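I opened my notebook and wrote down what I looked up, step by step.

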Amino acid sequence: MNDSNRITLQSLGAAQTVTGSKHLLCTPELTLLVDCGLFQGIKTLREKNWEDIPVNPADVNALILTHAHLDHCGYIPLFVKRGFRGKIYMTPPTADLAEIILYDSAKIQVEDAERANRMGFSKHKPALPLYDEKDVDKAMPLFETVEHSVEYRLSPNVSFHFRKNGHILGAASVVMSCHGKTIVFSGDIGRYESRFLLPPSSISEADIVVMESTYGDRLHGDSDPLDELADVINRVIKRQGSLIIPSFAVGRAQEIMHLVNTLKADQRIPSTLPVYLDSPMAADATQILCRHTHWHKLKHDECMSVCNDVVINRDFRQTKKIISTPGPKIIISASGMLTGGRVLEYLKHLAPDPKNAILLIGYQAEGTRGRRLKNGEPELKIHGQFVPMKAGVEEISGLSGHADQSELLQWLGQMGQSVQKVILVHGETQAQETFAAKIEQELHIPAQIAKEDEEMTLFNL
Ligand SMILES: [Zn+2]
C-alpha cells in the first residue's frame, strides 16, 4: 500500500538475471507480490536469499504465484517465517506442485546444512538451512487456488485472473485490473507447439506488460525435438552407454518420459531400453498429472502410462545399483542445472566415460555446473572433487520450456497496439538488450529493463 496516487513496481529479484522472481506492486489499496522465488545458481546469487528485502513481509497483503518452479515459489516459507500473513493465490495444479517442491526444497536445505557442518566447508558456523519442513507447514494454510480465467477481486479497484502460458503444468500469466488499467505479468512463457502442454491462452489487451525475456536473443530452430531425441538415444545405445538427462522430477520429467514412450511405441528406439527416474517425488508428480487433465494434452491412459515403463527409484542407496547396471539406459534425475541433487552422483560416476552422454534440455543459468558443462569445461567440481567430463554433452533446445525470441514476440504481439510499455524481467542482460531492441523495432512498443530494487511508477491515478 502507498499513500500517494501512484501505482509502482519494484523487482526484488529476476532483474537482469533469471532467478529469484519477486515483483512488488504497490497501489493505494494494496501491496502485492507476484512470485516469491529463491535465488539459485552462483554463490553470490544464492547468498542474496539471506539478505533482507526492501519490504516488510508483514506489510504485503497478498502473494500471487505464476508457477511452481523454485525460482518463483521457493522463498515462500522464508517470507512467511519473516511475517507474511496474507493469502497466496495460484492455479490448482500449481498448488499441488508447489507443495511437493517446497517440502523437497526444505529437505535439501536441511541436508545441505548438515553436510556442510559435517565436512566443515561452510564459513557459517553452524551452517543453517534457509527454512525447514516446519516452516513449509506454516505456509501451506495460506494457499488459495483460483481457477483458470476466473476473476478474483482483491480490493475495490484491484482484481486479477490467470491465463495459462504453456511453461509447466499449471503455469499462468497474471492479468491484473488495477484502477482501470490492465497490467499483465507474463510469468515464464512456454511453447506454442508442445506435445505435452496446451499452448498459451490468448490475452487480448494490456496497458503494461511485465515480461520474461530468458531467450530474448535466441531462436530454438524448427527441428522436431522427437527426431533429435531419437537420434541422441540411438547414438548412445550404439556405444553401449548411459544417457543422463538432468531434469527436475516434477513436470519436465513426465514430458520426457512421454516422449521416450512415444519413441518406443513407434519402434524408433528399442522397447526394452531401461528408463530410470531417480526421484522420491516422481510417483506424486504422476498423480498430479492425472488429476489436472484439462491443463495438458495427455489422455488419462497416457498419463497413467507415463510411469508404467519407467523404473522409479526413491531410495538413495539404489542409485549406486543403477549406476553399476551394465548396458545402455536412460537416467532422468534432478537437478536440471546440476546445482545439486542426485544427478551429481550419476555425473561423478558416469561423466568420466566417453561412451556415456549428458543431455541438457532446459535453460542453464550463468554460474551453474550446467552452464559450465554446456560451455565445454573439461572438468567440474562435484562434492569437493574435480570430475573429468569425458561423456558427450548433447542439447535439444526444442525441448525447452521457455519460448524463444519469435514465440515471445508472438505472445506479446497478440495484445496489439494496446500495450503502452513493456518492462523486461527474468533474463540475463544481453538477452534483454537484444529483446528490448527487437520489441521497439518490430512492435513499436517502448521496452524498459527492470533493475533490481528500483521503484518504477507504472502510472498515476
Ligand atoms: Zn519456470
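A charge sits over a ring if NZ of Lys or CZ of Arg is within 6 Å of the ring centre and within 35 degrees of the ring normal. With that rule I looked at K22, and its charged end sits over the ring of Y75, 4.6 Å from the centre. I also noted K181, whose charged end sits over the ring of F459, 5.6 Å from the centre.

Before going on, I wrote down the ground rules. This is a predicted model, where local features need pLDDT of at least 70 and side-chain atom pairs count only at pLDDT 80 or more, while totals for chains, interfaces and linings use all residues. Residues are numbered from 1 along each chain as its sequence is written, and side-chain values use heavy atoms, with hydrogens and water left out.

**Domains**

I looked up the domain assignment, which is automatic or from a database. The assignment gives domain 1 (6–218 + 401–460) and domain 2 (225–399). I found their C-alpha centres 27 Å apart.

For salt bridges I needed a side-chain nitrogen of Lys or Arg within 4 Å of a carboxyl oxygen of Asp or Glu. The rule finds 2 across this interface.

**Cores**

I noted that a nonpolar core is a set of buried Ala, Val, Leu, Ile, Met, Phe, Trp, Tyr and Cys residues joined through side-chain atoms within 4.5 Å. Buried means under 20% relative accessible area, exposed over 50%, and partly exposed in between (1.4 Å probe, protein chains only). The largest core has 80 residues, and L63, I76 and F79 are among those with the most contacts inside it. Both domain 1 and domain 2 supply at least three residues to this core. Apart from it I found another core, of 28 residues, including A62 and Y89.

**Rings**

I paired rings of Phe, Tyr and Trp (its six-membered ring) if their centres lie within 6.5 Å; planes under 30 degrees apart are stacked, over 60 edge-to-face, and the rest tilted. I got 7 aromatic pairs. F160 and F162 have ring centres 5.3 Å apart and planes at 80°, so this pair is edge-to-face. F160 and F162 are both buried. Together with Y89 and Y152, they form one aromatic cluster.
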